[in-house]
Amino acid sequence: MENLTLSQVVDELKIHHNEPLTEDRQGETLVLDAAEPKNFNGRRFYIESYGCQMNFNDSEIVAAILQQDGFGMTRNYEEADLILLNTCSIREKAEDTIRKRLRVLNNVKHQRKDVLVGVLGCMAERLKTSLLEQERIVDIVVGPDAYRDLPNLVAKSEEGQKMVNVLLSREETYGDISPVRLDNNGVTAFVSIMRGCDNMCAFCVVPFTRGRERSRNAYSIVAEVQDLVNKGYKEVTLLGQNVDSYKWENPDTKEMVTFAGLLELVALVSPRLRVRFSTSHPKDMTDDVLHTMARYDNICKYIHLPVQSGSSAVLKAMNRTYDREWYLDRVAAIRRILPTCAISTDIIAGFCGETAENHAETLSIQDLVKYEMAYMFMYSERPGTLAARRYADDVPTEVKNQRLQQIIAQQNEHSLIRNQQDLGKVVCVLVEKPSKRSNDDLCGRSDQNKMVIFPRENYQIGDYVDVLVEHCTSASLRGKAIGLSNFGQ
Ligand code: 5AD
Ligand code: SF4
């Protein structure tokens, strides 16, 4: 396959194509669907994930690596021989949650001395060997680029040694590993397209925990997406810390694949496959990407575009490398090229040196954009970051909290306004699961990534359903199905 151009690969794949597929998820027990490995070694692992979608996807790679080595999986940590926590360091609170979880696991270790406990991911990378000193229960510490070494680390640890591998890599993308889908509704899946981050945002620990940015082989991405389609999946979300800087050179043809190019290749895999991506960086988001989105009905009209602050002075201190005007210009480009596109964002309240005027500018940019949705945080100083080294964390907690509450209150109003705009409209919903409140209702997302709930009738998980929107809150839409959608046909 490697001698073909990428567009030829897509055509090739289509011939064989048999098209018939946050915060509240933190630490949830994953639904494990994979069969016992053929070379089952009699030992089982249990894995919990915290943090971003990338981390959840990494757990699926870890599961694949361990399965290949003969480990079985279990959903019950009490019957596991190896308990793994895939951790997050983004805010202090995220690390506190892990430490509390380790306390609980301590009881298991008291009862069964031979159980091994491994800490994976960002917290492992950040704390390295010191994690072994701080948390006596931990046997194995593995950073995000060292998962291939897990079977070896586990074997050594079984002999009684504490093991650490936190080497970061410039090449590792796990591109050849087919993730074991853990959090499985059989409808939506995440596909990592790159790893690491080269942006040095002053507040952020990610460049230290996930290392340098590198892009995954485009062939392996397209092949993974095709495989998902063959298995009946209906939606993929392409993941990267900064998807707009995706860049991969085909070693045979020297063809350079940009994010816009990759998006197109993935969209071409099937017109019935929805394509999403996250996260975009305002400094890099090109009109090219927007035009590609406009050309394909199956690329969802939804962009997560973190603003962080509405104040150019704060953005400068954050080292975001764009200012308020640049950001608003990018929003204007989205509105021009993709008039129906929903935009969501991330906002940090109370960054170092943030004045009341700076905060007012954040409220005003929120008001100008009227985001469909936002993730909003109080600034939390992270050791080793540019901000921790350069600036005083000088906004008092009460002020941070007060500002955050204002931001949240305003966002709730905007989310409601945005959802009200859908009243009376028909939206195409990809059904993901029964609604939380009632088994008689189904729910799924609209193209704009809004959660839509409607009576089940005879519709199935994985159907595309046209739903007439009749009610809404700031969090979701509710309506009634008017029929199966002919989306992509
Ligand atoms: N404090 C608060 N929020 C943070 N984020 C990243 N680092 C911090 C921090 N130190 C937020 C940013 C980012 C999101 C993933 O988390 O808004 O976009
Ligand atoms: Fe948390 Fe960031 Fe690591 Fe994701 S990349 S797990 S958000 S610290």
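# Close-up views of a predicted model

**View 1. Cysteine 341 is buried, with a relative accessible area of 2%.** Here, "buried" stands for under 20% relative accessible area, "exposed" for over 50%, and "partly exposed" for what lies in between, using a 1.4 Å probe and protein chains only. The model is predicted, so local features need pLDDT of at least 70 and side-chain atom pairs count only at pLDDT 80 or more, while totals for chains, interfaces and linings use all residues. Residues are numbered from 1 along each chain as its sequence is written, chains are lettered from A and ligands numbered from 1 in the order in which they are written, and side-chain values use heavy atoms, leaving out hydrogens and water.

View 2. The structure holds zero disulfides, a disulfide being a pair of cysteine sulfur atoms within 2.5 Å.

**View 3. Ligand 1 sits among residues that include Ile90, Arg91, Phe203, Asp346 and Ser380.** A residue belongs to these surroundings if one of its heavy atoms lies within 4 Å of the ligand. Look for the oxygen atom of ligand 1 that is 3.0 Å from an N or O atom in the side chain of arginine 91. A nitrogen atom of the ligand is 3.0 Å from a polar backbone atom of phenylalanine 203, and a nitrogen atom is 2.7 Å from a polar backbone atom of serine 380. The protein covers 86% of the 410 Å² of accessible area that ligand 1 has on its own; such areas come from the Shrake-Rupley method with a 1.4 Å probe, and for residues only the protein chains shown count as cover.

**View 4. Serine 89 lies in the loop between β3 (82-87) and α3 (92-111).** Helices (H or I, at least four residues) and strands (E, at least two) are DSSP runs, numbered from the N terminus. Is serine 89 buried or exposed? At 1% relative accessibility, serine 89 counts as buried. Its side chain makes a polar contact of 2.8 Å with the side chain of glutamate 95. A polar contact is a pair of N or O atoms within 3.5 Å; within protein, one must be able to donate a hydrogen and the other to accept it, and residues adjacent in sequence count only if both atoms are side-chain atoms. A polar atom of the serine 89 side chain also lies 3.2 Å from the backbone nitrogen of methionine 123.

**View 5. Histidine 359 belongs to helix α13 (residues 356-369).** Histidine 359 is buried, at 6% relative accessibility. Its side chain makes a polar contact of 2.7 Å with the side chain of glutamine 406.

**View 6. Helix α9 (residues 259-269) is largely enclosed by the rest of the structure, because eight of its eleven residues are buried.** Among these buried residues are Phe259, Leu262, Val266 and Val269.
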